[in-house]
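This report describes how some strands of a protein chain pair with one another. The sequence and structure come first, and the pairings follow.

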Amino acid sequence: EGLRRLEYRGYDSAGIAVVRDGRIELRRSAGKLSRLEDAIRADPIDGAFGLGHTRWATHGRPTEENAHPHRDCTGRLVVVHNGIIENYLELKQELQRDGHSFVTETDTEVVAHLVEREMLGGASLEDAVRRSLKLMRGMYALLLLSADAPDTLVAARNGPPLVVGVGAGEYFVASDIPAILAHTRDVVFLGDGEMAVVTPAGAAFSRVDGT
């Protein structure tokens, strides 16, 4: 329903991912949200928290494979993204030399692999996102979750809008208020260069540089 309230932006594919029993369940489809609903009806999905996205193709065709959310090599980390990573090709080639395997034509998939690489070094999801952002050039509204970081969403903004909603014992992240209006009217807009780490305990805000 949240994605439906963002249909006015236009899109050509959609997908959702949820965490259940320590692993990520993913459903995606090209075309209208009704096709995503059909995919979920055919293969139901359930979980306590997750993320979703409607994509307007910039890098790569409007296919199920190129639909968000995008995964890392392990399938245990997913990301959704509005915007464009300008140096994605350079980063992709570097990651491929490191042994990362890419399955889409998108710039967004680079983000998942960058964060995966940083987490392999023992960094938390939050710190891995911070380190990865320092390597990226471009515009982004990003939201990530990892099966290895229970009950945590990490959001970051540089350009496209991102809003955090505070509900009654629940928290939301969206690219625009209509997506979460049914749940809360208490919202915080992230500024450029800002991050939010959202858990069941609340939302913590900071700048990408850590302040």
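Predicted model: local features only at pLDDT ≥ 70, side-chain atom pairs only at ≥ 80, totals over all residues.

Strand β8, which covers residues 163-166, pairs with β10 in the antiparallel sense, and 3 bridges join the two. Within the pair, Gly 165 of the chain stands opposite Val 187 in β10.

The pair belongs to an open sheet of 3 strands, in the order β9-β8-β10, with antiparallel pairing. Which strands lie at the edges of the sheet? The edge strands are β9 (171-174) and β10 (187-189), and each of them pairs on one side only. On average, neighbouring strands of this sheet are turned by 20° against each other, with direction ignored.

A further set of pairings involves β11. Strand β7 (residues 153-158) and strand β11 (residues 194-199) run antiparallel and are joined by 5 bridges. β11 also pairs with strand β12 (residues 202-207), again in the antiparallel sense, over 6 bridges. How many residues lie between β11 and β12 in their hairpin? There are 2 residues between these strands.

Arg 157 stands opposite Glu 194 in β11, and Glu 194 in turn stands opposite Arg 207 in β12.

The table lists the pairings with their bridges.

| Strand pair | Sense | Bridges |
|---|---|---|
| β8 and β10 | antiparallel | 3 bridges |
| β7 and β11 | antiparallel | 5 bridges |
| β11 and β12 | antiparallel | 6 bridges |

Conventions:
Residues numbered from 1 in each chain as written. Heavy atoms only, no water. Pairing = 2+ DSSP bridges. Helix = DSSP H or I, 4+ residues; strand = E, 2+ residues; numbered from the N terminus. Axes fitted to C-alpha atoms, helices over the stretch in contact; angles between N-to-C directions.
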